[in-house]
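Colleague: I am new to this one, and I would like to know what stands behind each label. Could you walk me through it?

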Amino acid sequence: MKRFLLFLPLLVAVVIGVVLFAGIGKDPTKLESALVGKPVPEFRLRDLHNPDAMLDQSLFRGEVTLLNVWGTWCPACRDEHDDLMWLAEEKGVAIIGLNYKDNREDALVWLDRLGDPYRKTIYDPKGTLGFDLGVYGAPETFVIDADGVVRYRHVGVINETVWEQTLLPVINDVRGNG
Amino acid sequence: MIRIAFMALVVLLAGPAIAQVADVYEFDSRAQEQRYQNLIAELRCPKCQNQNIADSNAPISKDMRAEVYRMMKDGASNEAIVEALVARFGEFVRYKPEFDSRTFLLWATPALAVLGGLLVVTVVVVRSRRDGPDAPALSKEEKARVDEMLAGGDQDRPS
């Protein structure tokens with residue numbers, strides 16, 4: 001018993017060490033979305049390309065889509081744009097854009113100059129849909145299944161590595177279950 | 001003289017820099033304003049790791065303050081307001097997390113630490129009481145070993 005008590009501090013130190021070690025390498029700025037498992041919030045917003053057309057949550061019915069939140073004010077969105085083009089053109093991924101807290105002219109110039117990877121782009125100048133989605137910075141990308149339910153949220157840029165190691169497995173999983 | 005005037009000007013101009021977080025919201029009463037201040041002080045900005053939305057200049061904090069204000073004006077309860085933001089941004093935004101199975105350790109650690117300390121103190125006190133003040137410091141076997149060591153018989157084989 002006495003022997004065991006001598007080892008108690010070591011035991012406590014090891015337990016604390018294991019707990020703290022588990023936290024190393026995790027990026028605390030990346031939060032899991034509170035919307036995972038919930039349907040896309042209801043919205044009625046204008047189409048970026050066609051101000052007369054209204055878009056709503058039925059946009060996400062029928063196939064697995066990526067919802068990419070972007071703005072021309074966001075340098076990291078410029079970084080990932082080429083990769084989004086690659087996903088849309090080479091991989092045939094359905095991407096819906098959410099133009100977040102931006103203005104229409106700048107956004108249209110951007111898409112004209114850099115290419116348009118989006119099937120549709122929702123124009124959200126006040127950030128209302130972004131707020132309902134829990135967007136706290138751009139770029140963010142949501143994986144949405146064929147029933148319009150949010151399955152995953154990626155915070156930060158998308159590149160080939162993120163696509164292959166994170167998003168593709170999630171999409172395959174969603175397609176397998178759906 | 002010019003230098004003093006310049007310094008005075010700089011100090012005067014610095015005023016708005018301190019007041020930059022203050023949004024212009026109007027309240028019906030002091031109590032309402034206090035309620036709003038308390039709410040935004042216990043909500044955490046999702047963008048900035050460890051700042052409440054009252055202190056943060058992040059655009060998202062501004063949006064969250066606006067939503068808190070809007071819901072207050074609509075007559076929502078404090079719980080409803082916090083729930084609405086948690087539903088969007090997750091438990092992360094709560095500086096006072098709910099007591100449930102996941103946050104059990106967080107809330108219970110101080111109580112457990114105090115109980116553990118009390119337990120140790122109790123054990124020490126009870127033992128010393130049980131042995132009494134006159135109890136010999138060493139048991140018979142221990143005394144025998146000490147005598148053996150002091151006699152030098154133990155030098156070559158440390159135990």
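Modeller: Gladly, and let us begin with a term: a residue is buried if 20 or more other C-beta atoms lie within 10 Å of its own, exposed if 12 or fewer, and partly exposed in between, with C-beta atoms placed from the backbone. Buried residues make up 13% of the 159 residues in chain B. This is a predicted model, in which local features need pLDDT of at least 70 and side-chain atom pairs count only at pLDDT 80 or more, while totals for chains, interfaces and linings use all residues. Residues are numbered from 1 along each chain as its sequence is written, and chains are lettered from A and ligands numbered from 1 in the order in which they are written.

Colleague: What makes A:Lys101 count as buried?

Modeller: A:Lys101 has 20 C-beta neighbours inside 10 Å, so it counts as buried. Its phi is near 50°, a positive value in a residue other than glycine. A:Lys101 is found in the loop between strand S4 (95-100) and helix H3 (104-114) of chain A; helices (H or I, at least four residues) and strands (E, at least two) are DSSP runs, numbered from the N terminus.

Colleague: And why is B:Gln49 called exposed?

Modeller: B:Gln49 has 10 C-beta neighbours inside 10 Å, so it falls in the exposed class. B:Gln49 also has a positive phi, near 60°, without being a glycine. You will find B:Gln49 in the loop between helix H2 (30-41) and H3 of chain B.

Colleague: Why do you say that helix H6 of chain B lies largely in the open?

Modeller: The number buried among the 11 residues of helix H6 (residues 140-150) is 0, so the helix lies largely in the open. Just after H6(B), B:Gly152 takes a positive phi of about 95°. As for the whole chain, chain B has 6 helices and 0 strands.

Colleague: What makes a set of residues a nonpolar core?

Modeller: Such a core is a set of buried Ala, Val, Leu, Ile, Met, Phe, Trp, Tyr and Cys residues joined through C-beta atoms within 7 Å. The largest has 48 residues, and those with the most contacts inside it are A:Phe142, A:Ile144, B:Leu43, B:Val68 and B:Leu85. Two residues are in contact if their C-beta atoms, placed from the backbone, lie within 7 Å. Leaving out residues up to four places away in sequence, B:Leu43 touches several others, including B:Ile53, B:Met64 and B:Leu85.

Colleague: How many residues of each chain are in contact with the other?

Modeller: 11 residues of chain B are in contact with 11 residues of chain A. On the side of chain B that touches chain A, the largest share, 4 residues, comes from H4(B).

Colleague: How do you know which strands of chain A are edge strands?

Modeller: Two strands pair if DSSP finds at least two bridges between them. The open sheet has 7 strands in the order S2-S1-S5-S4-S3-S6-S7 (chain A), with mixed pairing. Strand S2 (54-56) and strand S7 (150-155) are the edges, as each pairs on one side only. By contrast, 5 bridges join strand S3 (residues 65-70) to strand S6 (residues 140-144) of chain A, so by the rule of at least two they pair; these strands run antiparallel.

Colleague: What is the mean pLDDT of chain B?

Modeller: pLDDT is the predictor's confidence in each residue, from 0 to 100. The mean for chain B is 83, and 83% of its residues reach 70 or more.
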